[in-house]
Every structure is written in C-alpha cells, then in structure tokens.
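Please examine the model displayed below alongside its sequence. The paragraphs that follow lead through selected parts of the fold.

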Amino acid sequence: DTNAPWPLDGTELERTEESSAIYGRELMAMIAALEHHPSIVAWVPFNEAWGQADTRHWSDQVRRRDPSRLVIAASGGNDFGIGSAHDIHNYPGPEAPPAEEHRAAVLGEYGGLGLPITGHTWQDEANWGYRSFETREQLEQAYLGFIDQLRPLVESRLAAAVYTQTSDVEVEVNGLMTYDREVIKFDLERLARAHARLYEPPRPLSRAERSAAATIAYWRFEEGQAGEPVAHDRDDRESIAARDSSSHDNHLYAFAEGNAPLHSDEVPSDVIPLTGEPNRGSLDDSRAAGSATRDLYTDPGRSGTHMDVINTFPLTEWTLEFSVRPVQQANELGTLIGEDGYPVPNLDEAPLQVMLDREGHLEVAVIDATQRVRRARSREPLMEGQWHHLVIRCDGRELTIDRIVSGRAVSVARSDFEGHVILHPGTWTIGRGFHGDRIGRDAQAWLDEIRVSSRRLDDDLLLWWKE
C-alpha cells in the first residue's frame with residue numbers, strides 16, 4: 001500500500017482484507033524469525049506512516065505475541081498515543097517529544113550529516129545527506145554539537161536518541177563509517193567521551209523545568225505594541241501572530257487586520273509565579289466580531305511543524321491552562337479556545353471548546369474516545385472586568401476545571417471522561433469557535449498565558465500556583 005498522510009497523528013490507511021492479511025503474516029513471521037536475538041529490544045510495526053493501518057490492532061497483536069519486549073507502535077508517526085514510547089523523527093538536529101505519564105520520549109531518528117569520502121562510496125557522484133560537509137573536521141564539529149544539544153533533553157525527558165546512521169548506505173553518506181566499512185569518519189575517543197556525558201546522572205530539575213517538559217504549545221502574547229493588531233498575513237504571509245514558546249512550533253496566525261485581535265499590556269500579573277518570567281503582554285480580543293473568520297488559528301504547514309502538531313496530538317492525559325478577563329456577559333456562547341471540525345457524523349459538536357456562556361459561566365465541551373460529548377460548567381460565573389486563572393485537566397477518566405485563587409487550585413467543575421480527546425485534524429483557534437458548520441461563537445475577552453501540556457500536571461507544576 002501507500003503512505004498515510006504524514007506526519008499527522010491519529011490518521012492511517014484503510015487496507016483491503018487481502019493486504020492486511022499479507023501484512024499480518026509477514027509481521028508475525030518476522031517476529032518468529034528474529035525473536036531469539038537478544039539485541040532486539042523493541043518491535044516497530046510502522047515507520048513514518050508507510051502502509052500504516054489498524055495501528056492499535058497490530059500494536060496489541062505484537063505485544064501479545066512477544067510480551068517480553070517494548071512495542072513502538074509508530075516510529076516517526078503517525079502517533080495514536082499508544083505503545084511503549086512516543087517516537088519522533090527530526091532532521092538534522094535533536095528534538096524531543098513532550099513528556100508523558102506512561103510512555104517514554106524517544107527521538108527515533110536525527111542527524112543525517114553527510115560526508116562522501118572518495119573511493120569509499122557506493123557511487124562516485126550524487127551522494128547526499130540531510131546536511132553535507134566537505135571535511136571530517138566540519139562533520140565532527142557538527143556531530144559533537146548535536147550531542148551537546150541532547151544532554152539537556154536527556155535531563156528533561158528524552159529516554160533514547162538514534163543517530164542516522166552507523167554506516168553509509170548506497171547514496172546516503174551520513175554514516176559514522178563509510179559504505180565499505182573501511183574508513184571511520186570520526187575520532188572515536190572524542191566520540192566516546194562525548195557519548196559518556198549523556199549517561200552521567202541527571203541534575204535535579206526545578207519545578208518550572210519539570211513542568212515545561214510536558215508542554216505541547218505555549219502562547220504568551222509578549223510581542224508587539226499595545227493597541228496594535230497582531231501580525232497578520234495581509235502584511236506578510238509569513239507573519240506569526242503569536243509564537244509558540246514551547247519549541248514545538250505550534251504558532252498562531254491571523255488572516256487580516258479587520259478581524260485580528262490587538263496586542264495589550266493589560267496583564268494579570270507582572271511575573272509568572274512558576275517560572276519567574278516577566279509578563280509584559282496579553283491578547284486583547286475584546287472587540288465584537290465584524291465577520292465570521294478565525295481570530296487566531298494554528299497552521300502546521302506555515303509553521304513548518306514536523307512533529308508534535310497540536311492539531312492532531314493524541315491527548316489522553318492533558319492540561320490546558322489559560323488566563324481570561326471577560327469584558328461583558330454576552331448574549332450567546334463565546335469560544336475562548338477551541339478546535340475546528342465535526343469528527344462525529346450527525347453530531348453538531350467540535351472536538352474541544354472552552355466557552356463563556358450567556359451568564360458568564362465557563363463551559364467546557366470535549367468529545368472523548370467513546371464519541372460522547374463530555375461537558376463541565378463552572379458553578380459560578382466569571383466576574384467581568386477581572387482576571388481569572390483557569391486549569392482544565394484530564395487523566396483519561398475524569399475531566400476537571402479548577403480556578404487558581406490566591407495561588408491555589410480550587411475545583412469549580414468536573415465530568416466523567418473516557419480515553420483520549422477524539423482524534424481529528426482540526427485547527428486550534430483562539431477567540432472563536434466552530435458551530436453550525438462554520439466559524440462563529442466569537443468571544444469578547446482578554447486572554448493570556450495559554451499553555452497545553454501532555455500530562456495531567458500536579459498543582460505545584462501549574463503556571464499560577466504559588467509556593
């Protein structure tokens with residue numbers, strides 16, 4: 001078969017019965033042939049979405065066939081939130097997926113630094129690497145630089161990293177040694193010393209560092225002049241309205257000045273308690289909507305997001321934090337944060353909507369893995385004209401809403417929940433929702449410090465919790 005759309009978590013192919021049967025026979029035959037080799041520590045049913053189908057089924061089948069080993073359901077994507085590890089591929093430099101509660105964070109491929117050595121290549125010309133060099137000194141310097149970048153990721157969350165690759169393979173010349181195994185491209189003693197540093201005991205992490213390890217996206221609204229519209233693509237197609245500070249590149253965009261929110265220096269606090277970072281700006285989305293378009297939205301293609309795309313990230317255990325200052329009680333629902341689309345046929349509901357209702361209550365509606373809409377609504381309305389710090393958390397069994405009051409989390413609502421947020425490739429939006437098969441439900445409010453995490457964070461790891 002062909003590739004599933006990649007990278008796009010939660011998506012896969014539909015194989016024919018004949019194709020699936022062939023795949024299953026070959027997969028189980030491979031395990032039977034190789035399972036006695038102690039060097040194998042993990043089975044990988046799918047790589048980079050090549051022929052990827054029935055991911056949950058085949059992951060379960062492999063685990064039952066050989067329960068003694070790890071199963072990485074999808075190396076590089078597309079991830080369904082299952083298996084022993086969340087495994088991403090990133091070239092050329094190192095990256096790490098966010099920390100999760102029950103899976104290891106793995107960088108399944110990185111590097112690809114190319115150096116063809118005359119007389120030792122598979123072919124004389126047209127060899128390649130993800131980044132090419134002319135001398136061994138240049139190659140080694142770049143490689144050791146990547147090793148240095150790995151160390152803080154290891155301290156934070158990274159459990160494994162696989163460099164591409166041990167030796168050149170035909171036209172790819174990004175090996176540690178040449179295709180014929182005759183030339184080692186590096187000083188082995190220097191490499192050994194560099195690699196050894198990766199295995200030194202990790203230093204203790206601060207609360208802020210432990211919290212940041214699970215961040216998928218973090219929008220702070222720190223750039224721009226107060227009173228001016230955020231950057232929009234009528235000025236420059238590459239304009240970023242709000243940058244994702246998590247390093248996963250889930251940036252936010254705006255269409256045009258007429259419906260773009262404004263920058264504001266109105267902030268809930270001058271300092272973020274968890275991190276000690278200064279808080280200089282917020283998003284002023286207090287104007288009434290002039291047209292039915294998104295205020296801010298994610299766009300992985302424009303961001304160049306390669307992995308950990310929030311639009312399809314498989315949220316099982318997760319936390320959504322944000323600060324909001326309502327302007328006034330609206331006549332209808334207004335969506336503060338949401339995800340577009342109708343993932344369930346005949347159900348007029350988007351995957352996730354965080355709203356203010358007509359009376360000013362915070363209302364959350366999320367479709368879970370059972371395709372049921374789970375709702376939670378705050379018992380009291382949010383007072384207009386003042387800032388509120390809200391936390392939505394889920395552990396795969398329960399959805400809760402807390403408000404941070406005097407530096408402590410106070411429960412305001414809960415709902416039963418099952419599994420994960422329904423997987424759907426919908427655009428995340430800030431300031432508007434999705435209703436009636438169109439963009440709508442404009443929210444009038446100031447917003448600040450919106451952060452999405454891949455774990456249900458403990459209280460002391462929340463942005464506005466105070467020691």
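Arg374 and Asp368 are joined through their side chains by a salt bridge, with 2.6 Å from N to O; the term denotes a side-chain nitrogen of Lys or Arg within 4 Å of a carboxyl oxygen of Asp or Glu. Both Arg374 and Asp368 are buried, where buried means under 20% relative accessible area, exposed over 50%, and partly exposed in between (1.4 Å probe, protein chains only). This is a predicted model, in which local features need pLDDT of at least 70 and side-chain atom pairs count only at pLDDT 80 or more, whereas totals for chains, interfaces and linings use all residues. Residues are numbered from 1 along each chain as its sequence is written, and side-chain values use heavy atoms, with hydrogens and water left out.

Side chains of opposite charge can pair when their charged atoms come close. In the whole structure, 31 salt bridges are found. One of them links the side chains of Arg103 and Asp79, at 2.8 Å from N to O. Arg103 belongs to the loop between strand 5 and strand 6, and Asp79 to the loop between strand 4 (74–75) and strand 5, so this pair ties together parts that are 24 residues apart in sequence. Helices (H or I, at least four residues) and strands (E, at least two) are DSSP runs, numbered from the N terminus. Arg103 has a relative accessible area of 9% and is therefore buried; Asp79, at 5%, also counts as buried.

Strand 5 itself comprises residues 85–89, and five of its five residues are buried, so the strand is largely enclosed by the rest of the structure. Ala85, Asp87 and His89 point one way from the strand, while His86 and Ile88 point the other way. Strand 5 runs parallel to strand 6 (residues 104–111), to which five bridges join it; two strands pair if DSSP finds at least two bridges between them. Within this pairing, Asp87 stands opposite Val106 of strand 6.

Helix 1 spans residues 17–34. At 1.5 Å a residue, its 18 residues should span 26 Å, and the end C-alpha atoms are 26 Å apart, which agrees; the expected span is 1.5 Å times one less than the number of residues. Its buried residues are Ser19, Ser20, Tyr23, Gly24, Leu27 and Ile31. Seen down the helix axis, these fall within an arc of 130 degrees, so they line one face of helix 1; the arc is that of the directions from the axis to the C-beta atoms. The face turned away from this buried side carries the exposed residues Glu18, Arg25, Glu26 and Ala33. The cover over the buried residues of helix 1 includes strand 1 (42–43), strand 2 (46–47) and helix 2 (55–65).

Seven bridges join strand 15 to strand 20 (residues 388–394) in an antiparallel arrangement, in which Val324 stands opposite His388. Strand 15 is also joined by seven bridges to strand 26, again antiparallel, and there the bridge partner of Arg325 is Trp446.

Thr335 lies in strand 16 (residues 334–339) and is buried, with a relative accessible area of 0%. Leaving aside neighbours within four places in sequence, the contacts of Thr335 (heavy atoms within 4.5 Å) include Gly431, Arg432, Asp442 and Ala443. Two of these residues, Asp442 and Arg432, meet through their side chains in a salt bridge of 3.4 Å from N to O. Asp442 is buried at a relative accessible area of 15%, and Arg432 is buried at 3%.
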